[in-house]
Amino acid sequence: MANNAYPQESQAAGEQPTGGDPAPATPTAQHKLNELEAKHAEMADAYLRAKAESENTRRRAEEEMSKARKYAVETFAESLLPVKDSLEAAIAIPAATPEQLLEGVHATLRQLAAALERSKVMEINPVTGAKFDPHQHQAISVVPADQEANTVVAVLQKGYLIADRVLRPALVTVAAAK
C-alpha cells in the first residue's frame with residue numbers, strides 16, 4: 001500500500017500528480033503571456049487592416065485603368081466631331097459649285113489636321129533627298145536616280161507618328177546605289 005500513499009502525500013504537499021496539468025504559472029509569467037497575446041491580437045488586426053487596404057487600393061487602380069482604357073479615345077473623338085459636322089454640311093448643300101466644294105474640303109482638311117495635331121499625331125513626309133530611315137519609312141521600290149544612294153526619291157503615301165511611335169510608315173521610293 002505504499003504505492004497508494006505516495007500520490008496522496010504529493011497532493012498534500014501541493015504538487016500535481018503525474019499526468020495532470022502542469023504547475024500553475026507564476027503571476028509575472030501569466031502577465032507576460034497576456035501581454036504577448038494582446039500584442040499578437042493587435043498585430044493580427046493591423047495585418048488584416050493593411051491587407052484590406054492594399055486590396056482596396058489594387059481594386060481602385062484596376063477600376064481606374066479600366067476607365068482609362070474605355071475612355072482613352074474620348075478627347076480624340078471630340079476633336080473629330082467638327083470634321084464630321086463639316087462633311088455633313090457639305091453634303092447637305094444640293095447646288096454647291098465645284099469651287100465651293102473644294103473650298104469646303106480644304107477647310108475640313110485643316111480641321112482634321114488640327115484635330116490630329118492636338119492628339120499628337122504628326123505627319124511623316126520626308127523631302128526628296130532625305131536619308132532613308134527604316135524606322136519611319138517603308139521602301140516600296142529602289143530606283144536609279146541622280147542623287148545619293150539610300151535617299152528618298154519620292155513619297156507615295158505620308159506616314160504618321162503618334163507621340164514618338166510610328167502609327168504608319170511613309171511609303172517611299174529610294175535611290176539605288178550607283
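What is the order of the strands in the open sheet?

1. The order is E1-E4-E5, in an open sheet of three strands with antiparallel pairing. Strands (E, at least two residues) and helices (H or I, at least four) are DSSP runs numbered from the N terminus, and two strands pair if DSSP finds at least two bridges between them.

2. The model is predicted: local features need pLDDT of at least 70, side-chain atom pairs count only at pLDDT 80 or more, and totals for chains, interfaces and linings use all residues. Residues are numbered from 1 along each chain as its sequence is written, and side-chain values use heavy atoms, with hydrogens and water left out.

3. E1 and E5 (165-168) are the edge strands, each pairing on one side only. E1 and E4 (residues 159-162) run antiparallel and are joined by four bridges; Met 122 has Leu 161 in E4 as its bridge partner.

4. The largest pocket has a volume of about 190 Å³. A pocket here is an open set of points on a 1 Å grid over the protein atoms alone, where a 1.4 Å probe fits, with protein on both sides within 12 Å along at least five of seven lines; lining residues have an atom within 4 Å of a point. Grid points are joined across faces, edges and corners, and the volume is the space filled by probe spheres set on the points.

5. Helix H4 (98-118) gives the most to this lining, five residues; H4 and strand E1 (121-124) each supply at least two. Among the lining residues are Leu 109, Glu 117, Met 122, Glu 123 and Tyr 160.
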